[in-house]
Amino acid sequence: MSSDQDHLKETDTEARFEFKKEERSAVKSDKGLTEEVVRLISEDKDEPEWMLERRLRALKQYQAMPMPTDWPGQPDLTELDIEEIVPYIRPDVDKREGVDDWTELPEEIKDTFDKLGIPEAEKNALSGVGAQYESEVVYQNMQEQWEEKGVVFMNMDRAVQEHPELVKEYFMTTCVPPSDNKFAALHGAVWSGGSFVYVPEDVTVEMPVQAYFRMNSEGMGQFEHTLIVAEEGSEVHYIEGCSAPKYGTHNLHSGCVEVFVEEDAHVQYSTVQNWSKNTFNLNTKRAIVESNGKMEWVSGSMGSKATMLYPCTILKGRGATDTHITIAFAGEGQNIDTGAKVYHNAPDTSSTIESKSISKDGGRTNYRGLVHIADGAEGSSTAVECDALMFDNESTSDTMPYMEIEESKVDVAHEATVGKIGDEDIFYLQSRGLDDDDAKKMIVAGFIEPITEELPIEYAVELNRLIELEMEGSLG
Amino acid sequence: MSTQVHANLTEEQVREISGNLDEPDWLLETRLEALEALETIDMPDVIRTPGRDWTNLHELDFETLVDPLNWAEEKDQVGPDDVEVLPWGEAVAEHEELLKEHFGSIVDPQENYLTALSTALFSTGTVIYVPEGVDAEDVTIRTEMNSRSLFNYTLVVTEESSSVTILERQSTGSDAVDGEKYYSAIVEVIAGENSSVQYGSLQNLSEDSYSFSCKRGDADTYATIDWIEGNIGTQLTKSEVSTELNGDGSETQIVGAFFGHDEQHFDLDVKVWHRAEHTTADLVTRGVTDDTARSVYEGVQDVGRDAWDTSSYQRENTLMLSDESEADASPKLIINNHDTEASHSATVGQIDQEDLLYMTSRGVSPRLARNMLVEGFFVPVMEEIAVDEFREDLEELIQQRLRG
């Protein structure tokens, strides 16, 4: 632990995320979303015809769908002009499928990930690492022992070439079809990069695998696709991190995550999102869980100008379970609209949703969630708990859960609270010698502890540091 | 809009209704404007989730349901001497200034299609005026509907430091026309400084009826508005019960109970807007769904930017007696002031099997055991009902339904 702390100490300044590198791309598409751009991306990746066809179909769907504008309290998307976004920038690296040695990367990219602490984390705590820079993955490596057991962890572009049958079957078909929502359709048209994870039957990947997504260029869009297939009885923990330096114009991140949890399998998906505050973060994440499978979503949303993200779990097999743990932190100018969706489509399924949000300096957090229990899903249970903490009177916190219960033999409970930091709690801590700022930090750390304890220690420390950074200088 | 009821309605009809009541021009104008607005405004909001509408008002056949001139009812409007309880026509004659000041001040006639329809066409109503310092109990309004459609309007105004308890019942008469019917009601309550209004409403219309109701109160400084809302009848009800806490230190309690069976559909909105300092709200609803009934509950606690020191609580519990029924719920918190203590909770479940086993093992028949447990489920709501008569009526209706 001591070495981790040293490493964090060295890097835990705002500059850690704020640095910018000169843009050096091999291929850069035009701005906007046209058939030409879609064809250019597909051609540049030398994709098979079927993938191009899927992209073009998604483009048509995107063009036909209206922007979501009528959700109560939703982030304002009028400032987001897709025609001004550059959807594809292939970084200038020698090896297209990503190197497995950091030293082979161009200096500015290597330096980027060094500063973000990725190689260091890889040594200490991870089974595998993928690192995406702009639109493509530049580094991909997994420990040999997992490769020997048949675990696949490769970048998504390569998976299209090397595992076409699996990709054809699972990629934006039954889990997240492009027709799901406008941004899923957009993603389907211009997706690039991301990870493909395949865990064979009964294999437990003991340490997490991580993917890190970095946007460096101004005005770009990043559309990485993550596809995880966990076969019967297998287990894997996938972590994604993301960041970008701040620019005056808007960036767009519209990723898509599809997770297939087969019988008795267990997948944990953790996200620490720290996009710069000029980024629109509009994602679709969904898991389908078979009998006795277990899906866990852990999300920390700190960054972005606007986030709309509601990880969804479809409990398809008897006895499947879901856990959502989510924390959102909205400061000045941020609207973090997040939540969870769970569909109980089989008997004896259970779900737990725990959401914590903090808003301050005029920030807005929304919890928007849906729990649907289908007719016939008897013996199912769900428990939803939302807590919001507000720092000041300029901020806003909304809680909007929806429950649709079509089955009577169920146990459904929803609870939510909103409050400010208690003066008595602060007074107590001050009487023990803490100053006002430290007292508030400590209370916030306690408030989010249920989330941080679900993360590996490195990430828990990082999450805490990110929140402390957000709070610095703004208290008093 | 698929429901083109306004195509059938004419200005003449509205003029006739208004003329029969001897209404002043401004009121006629308000009605005609509401009629005209039907062309452009939408149905009340209903909750939509991906692929599902929680209530579909567009399927209602308003064209055949609305028959504005042939209205018929039996009505009792009774109250103690020091309170004025007036039928609408008398109120128009005696209190025009009062009506001018308050009519449509809380529920905008053009808020949605159904409020506009109700404003244009209401032919009956009650005005309750409680003078300063008067404490009144036992104001009762009984409406027995006998026609195809009935549009009702109620205004309650309480002056400073007065109090009133109002009990309203709606049912369908034995002489009522056969077939589907439509009942529409708007209730506005203006609670003056330091006054207190308790308004109970028990809806037991026949199950071939549709009903739309919007009850909304405006609480001034230190005022209290307590609503009790019981829904037993109709095949489809869309109802809103809400309070605007506009005065410092004002309070509201909204207690609801419903029991749906067969194919009944209840869409119940409970809302409170905290708009001033030191306000308190307590929202409690309990309901049962049996057979293929569906309940849709939306509860909103909206805390405004200036609502310092707010306390706001909401609880909703639904008991499902049948596997074919559905219970949907959406309790919402909209918080714009951090000096707030707010919470909400909602649960859906069935009768506890252990409780049932315990009782049947003591020799109680399963049916009786179930009925006792349902009655027990309503107890927390019954305890909140301060008006004995209301509580007894509601209990009786619940027992009837359980026996039926």
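At what angle do the axes of helix H1 and helix H2 of chain B cross? Before answering, I noted that this is a predicted model, where local features need pLDDT of at least 70, side-chain atom pairs count only at pLDDT 80 or more, and totals for chains, interfaces and linings use all residues. Residues are numbered from 1 along each chain as its sequence is written, with chains lettered from A and ligands numbered from 1 in the order in which they are written.

**Entry 1, the helix pair.** I found that the axes of H1 (residues 11–20) and H2 (residues 25–37) of chain B come within 10 Å and cross at roughly 150 degrees. That makes H1(B) roughly antiparallel to H2(B) (an angle over 145 degrees, on a scale from 0 to 180 between N-to-C directions). The crossing is right-handed, meaning the near helix is turned clockwise from the far one by less than a right angle.

I then listed the contacts (C-beta atoms, placed from the backbone, within 7 Å). From H1(B), B:Glu11, B:Val14, B:Arg15 and B:Ser18 meet B:Leu27, B:Leu28, B:Arg31, B:Leu32 and B:Leu35 of H2(B). I read these residues as five nonpolar, one polar and three charged.

Most residues other than glycine have a negative phi, so I looked for exceptions. B:Ser161 has a positive phi of about 55 degrees and sits in the loop between strands E7 (149–158) and E8 (163–172) of chain B. B:Asp262, with phi near 45 degrees, lies in the loop between strands E14 (251–260) and E15 (265–274) of chain B.

Terms used: Helices (H or I, at least four residues) and strands (E, at least two) are DSSP runs, numbered from the N terminus. Angles under 35 degrees count as roughly parallel, over 145 as roughly antiparallel, 65 to 115 as roughly perpendicular and the rest as oblique. Two residues are in contact if their C-beta atoms, placed from the backbone, lie within 7 Å. Ala, Val, Leu, Ile, Met, Phe, Trp, Tyr, Cys and Pro count as nonpolar, Asp, Glu, Lys and Arg as charged, and the others, Gly among them, as polar.
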